[in-house]
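Here is a short briefing on one protein chain. Look at the structure first, then read the points below with it beside you.

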Amino acid sequence: SGLSQEAGSVEQLSLHCAEGSLEWLYPTGALRLRLAPRLPPTTAAVKGGSPRHVTACVKPTGTFRGAQLYLEREGVLELLLPETPRPRARCFSWLPQEKVALFLQATPHPDISRRIAAFRYELRGDWLARPALPAASLGAEGACRPCNDTEILMAICTSDFVVRGSIRSVSNDVELQESIIGVSATRIHRQKFPLFQAGGRPGRPMGSIRTPLRCGVKPGPGTFLFTGWLHFGEAWLSCAPRYRDFQRIYEGAQRARQNPCEFPVD
C-alpha cells in the first residue's frame, strides 16, 4: 500500500517467481521491481544449454489506475503501461547478463480516491518454441510461420498442452488483436491445466486457443494436433500440423531414431 510510503520515495522489490501478480493500493512515489527469476526448465535446458534470452510479459488488470509502468534497461526508461492501459500483455526480452527492472511510478492526482495499480507477470527463459504472442517486441514475424519438422517434434514433448481435434469456430477480437480458435478435442494427450473440458458433444471436450490476429486463421476441415503454451491462464498456439502430417513426421523420425520423446501414434 502506498499509504505506508513517503511521497517521492522509491520502494525496492525483487520478483523471483516465474509468474505472479502485484497489487499496489493508493500508489505513492514509486516501486522499483528487480527481475531475478528462478527460471523453470526450457528447451535450451533440455538440449543441455542455457537460455540465450530471458523473456518477461506483463498484463494489467482492467482496473489499472494511479501509476505508469516502465521498463528500466541500462538506466534508460521505456513506457510499457500508461495509466488506464488496454488489458493487453506487453512482452520484452533481455540477455541474462543485462540488468533490467520494472519501474512503477505513481501519477499525481489532486484527490485521494482509491486507485489500484495491479498487473500479472510471467518470467521465463527462452520462450519455448516460437513465442506466438501478441507482442511486436518478441519478433512477431515468426509467430505465424508454420512449424518445421524439428519444431513439431519438440512441441509434442515440451508444450503445456497437446490436443488432437478439429476447428469448430474462429472468432476475432480486433481490440486485443487476437483470434480465438474454438477446438473440439478427440483426444487430450497432455494439458497441465484443465483448458479443455466436457461441454459439447458427449465425450468431446471443448476449449479455445489464441493466436495473433495477423496470422489470419480460418476455420477448415480435418484433424489437427494442437500444441502450445499457457499464457496468463489462456492457451496460445505454437504448432498445429494436420494429424496425418504429424504421423508421417513422427514415424520418419522414429525410424531414424531422432525422436526427442515417445508419443502415442494411432
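Helix H2 covers residues 149–158 and is mostly covered: 7 of its 10 residues are buried. Buried means under 20% relative accessible area, exposed means over 50%, and partly exposed lies in between (1.4 Å probe, protein chains only). Helices (H or I, at least four residues) and strands (E, at least two) are DSSP runs, numbered from the N terminus.

This is a predicted model: local features need pLDDT of at least 70, side-chain atom pairs count only at pLDDT 80 or more, and totals for chains, interfaces and linings use all residues. Residues are numbered from 1 along each chain as its sequence is written, and side-chain values use heavy atoms, with hydrogens and water left out.

**Helix H2**

- The buried residues of H2 are Glu151, Ile152, Leu153, Met154, Ala155, Ile156 and Thr158.
- Asn148 caps the N-terminal end of H2. A side-chain oxygen of Asn148 lies 3.2 Å from the backbone nitrogen of Thr150.
- Cys157, in helix H2, counts as partly exposed because its relative accessibility is 22%.

**The whole chain**

- The secondary structure comes to 3 helices and 15 strands.
- The chain has 266 residues, and 47% of them count as buried.
- Contact means heavy atoms within 4.5 Å. Among contacts with a separation of 6 or more, 66% join residues 24 or more positions apart.
- The chain exposes about 13500 Å², and carbon and sulfur atoms supply 51% of it. Accessible areas come from the Shrake-Rupley method with a 1.4 Å probe; for residues, only the protein chains shown count as cover.

**Disulfides**

- How many disulfides does the structure hold? There are 3 disulfides. A disulfide is a pair of cysteine sulfur atoms within 2.5 Å.
- Cys57 and Cys91 form a disulfide, with sulfur atoms 2.0 Å apart. This pair links distant parts of the chain: Cys57 sits in strand E4 (residues 54–60) and Cys91 in strand E7 (residues 90–94), 34 residues apart.
- The torsion about the S-S bond of Cys57 and Cys91 is about 110 degrees, so this disulfide is right-handed.
- Cys57 counts as buried because its relative accessibility is 0%. Cys91 is buried too, at 2%.
- Cys147 is joined to Cys239 by a disulfide (S to S 2.0 Å). Cys147 lies in the loop between strand E9 (116–124) and H2, while Cys239 lies in the loop between strand E15 (234–237) and helix H3 (243–255), 92 residues apart.
- The link of Cys147 and Cys239 is left-handed, with -90 degrees about the S-S bond. Cys147 and Cys239 are both buried.
- Cys157 is joined to Cys261 by a disulfide (S to S 2.0 Å). Cys157 is in helix H2 and Cys261 is in the segment after H3, 104 residues apart.
- Why is the disulfide of Cys157 and Cys261 left-handed? The torsion about its S-S bond is about -90 degrees.

**Salt bridges**

- Side chains of opposite charge can pair when their charged atoms come close.
- A search of the whole structure finds 7 salt bridges. A salt bridge is a side-chain nitrogen of Lys or Arg within 4 Å of a carboxyl oxygen of Asp or Glu.
- Arg210 and Glu178 meet through their side chains in a salt bridge (2.6 Å, N to O). Arg210 is in strand E13 (residues 205–212) and Glu178 in strand E11, 32 residues apart.
- Arg210 is buried at 17% relative accessible area, and Glu178 is buried at 7%.
- Lys59, Glu178, Arg210 and Glu234 are linked in a network of salt bridges.

**Two buried residues**

- Phe196 lies in the loop between strand E11 (178–191) and strand E12 (197–198). Phe196 counts as buried because its relative accessibility is 3%.
- Phe196 and Ile209 are 13 residues apart in sequence and 9.7 Å apart in space, C-alpha to C-alpha.
- His231 lies in strand E14 (residues 224–231). Is His231 buried or exposed? His231 is buried, with a relative accessible area of 2%.
- The side chain of His231 makes a polar contact with the side chain of Glu122 (2.8 Å). A polar contact is a pair of N or O atoms within 3.5 Å; within protein, one must be able to donate a hydrogen and the other to accept it, and residues adjacent in sequence count only if both atoms are side-chain atoms.
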